[in-house]
Structure formats: C-alpha cells, structure tokens
Amino acid sequence: MTSEKTVSLIGLGELGAAAAIKLIDNSSNVCGWRRTSKSISIIECYTGSDGLKSIFAKTDITISILVFTPETAHKKTDWN
C-alpha cells in the first residue's frame with residue numbers, strides 16, 4: 001500500500017491555480033502559496049514567509065510556478 005503524497009504549488013496565480021486544480025482533479029492532495037492573500041475554495045492557501053515554512057513542513061513534493069522577478073528571486077533562499 002502506498003501513502004498519498006501532498007503536493008505544494010508555489011505561485012498560485014492564473015497558471016499555478018490552473019495547475020493545482022488539474023492535480024486535484026487527478027486525486028492529488030494539494031496546497032498552495034502565493035505572495036498575497038487569495039481564497040481558492042478547493043485549495044488550502046498560504047501566504048508570506050511563515051506560510052512558506054508551514055507549507056514545506058506538510059508537503060512531500062513542491063512545484064514552483066513563480067515568475068522570475070527581483071521580488072521573487074530571493075524566494076529560493078527563503079526556503080532553506
């Protein structure tokens with residue numbers, strides 16, 4: 001018996017939210033992170049630095065769909 005993995009999706013904009021919904025449609029457990037607060041009814045959403053820490057503590061697989069800008073370039077170091 002295999003245990004189901006939880007996927008975190010970092011970057012819940014238009015593309016990230018669509019990807020998260022596809023993963024949910026395919027029976028994955030999904031939660032997501034975005035820079036600003038947004039409610040997506042079928043996705044547990046996190047924001048901010050504390051949200052990153054929380055999301056990484058509970059997920060097995062992480063997918064990043066962040067646009068590379070000066071504002072997001074530092075996020076890879078926030079994950080450590």
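Is serine 8 buried or exposed, and what is its relative accessible area? Serine 8 is buried, with a relative accessible area of 0%. Here buried means under 20% relative accessible area, exposed means over 50%, and partly exposed is in between (1.4 Å probe, protein chains only).

Before we go on, a word on the model: it is predicted, so local features need pLDDT of at least 70 and side-chain atom pairs count only at pLDDT 80 or more, while totals for chains, interfaces and linings use all residues. Residues are numbered from 1 along each chain as its sequence is written, and side-chain values use heavy atoms, with hydrogens and water left out.

## The overall layout

The protein has three helices and four strands, and along the sequence they follow the pattern β-α-β-β-α-β-α. Helices (H or I, at least four residues) and strands (E, at least two) are DSSP runs, numbered from the N terminus.

Of the 80 residues, 30% count as buried. Contact means heavy atoms within 4.5 Å. Among contacts with a separation of 6 or more, 45% are made by residues 24 or more positions apart.

Serine 8 lies in strand E1, a strand in which five of five residues are buried. Thr6, Ser8 and Ile10 point one way from E1, while Val7 and Leu9 point the other way.

E1 pairs with two strands, where pairing asks for at least two DSSP bridges between them. With E2 (29-34), E1 runs parallel and is joined by five bridges; valine 7 has valine 30 as its bridge partner there. With E4 (residues 61-64), E1 also pairs in the parallel sense, over four bridges, and serine 8 has threonine 62 as its bridge partner.

The contacts below leave out residues up to four places away in sequence. Serine 8 touches Cys31, Ile55, Phe56, Thr59, Ile61, Thr62 and Ile63. Its C-alpha atom is separated by 9.6 Å from that of cysteine 45, 37 residues apart along the chain.

Threonine 6, also placed in E1, counts as buried at 16% relative accessibility. Threonine 6 touches Asn29, Cys31, Lys58, Thr59, Asp60 and Ile61. Valine 7 is in contact with residues including Leu23, Val30 and Ile63.

## Helix H1 and the crossover

Helix H1 (residues 14-25) has 12 residues and reaches 17 Å from its first C-alpha to its last. That is close to the 16 Å expected at 1.5 Å a residue, the expected span being 1.5 Å times one less than the number of residues. The buried residues of H1 are Gly16, Ala17 and Ala20. Seen down the helix axis, these buried residues fall within an arc of 95°, so they line one face of H1; the arc is that of the directions from the axis to the C-beta atoms. An α-helix has 3.6 residues a turn, so residues three or four places apart point the same way.

The buried residues of H1 pack against E1 (6-10) and E2. On the other side of H1, Glu14, Leu15, Lys22 and Asp25 are exposed. Together, E1, H1 and E2 make a right-handed β-α-β unit: with the strands pointing away from the viewer, the path from the first strand over the helix to the second runs clockwise.

The loop between H1 and E2 holds serine 27. Although serine 27 is not a glycine, it has a positive phi of about 70°. At 56% relative accessibility, serine 27 counts as exposed.

The largest nonpolar core has eight residues: Val7, Leu9, Leu12, Ala17, Ala20, Val30, Ile40 and Ile43. E1 and H1 each supply at least two residues of this core. Apart from it lies another core, of six residues, among them Ile10, Cys31, Tyr46 and Ile55. Such a core is a set of buried Ala, Val, Leu, Ile, Met, Phe, Trp, Tyr and Cys residues joined through side-chain atoms within 4.5 Å.

In helix H2 (residues 48-58), the buried residues are Gly51, Leu52 and Ile55. They fall within an arc of 105° seen down the axis of H2, so they line one face. The face turned away from this buried side carries the exposed residues Asp50, Lys53 and Ala57.
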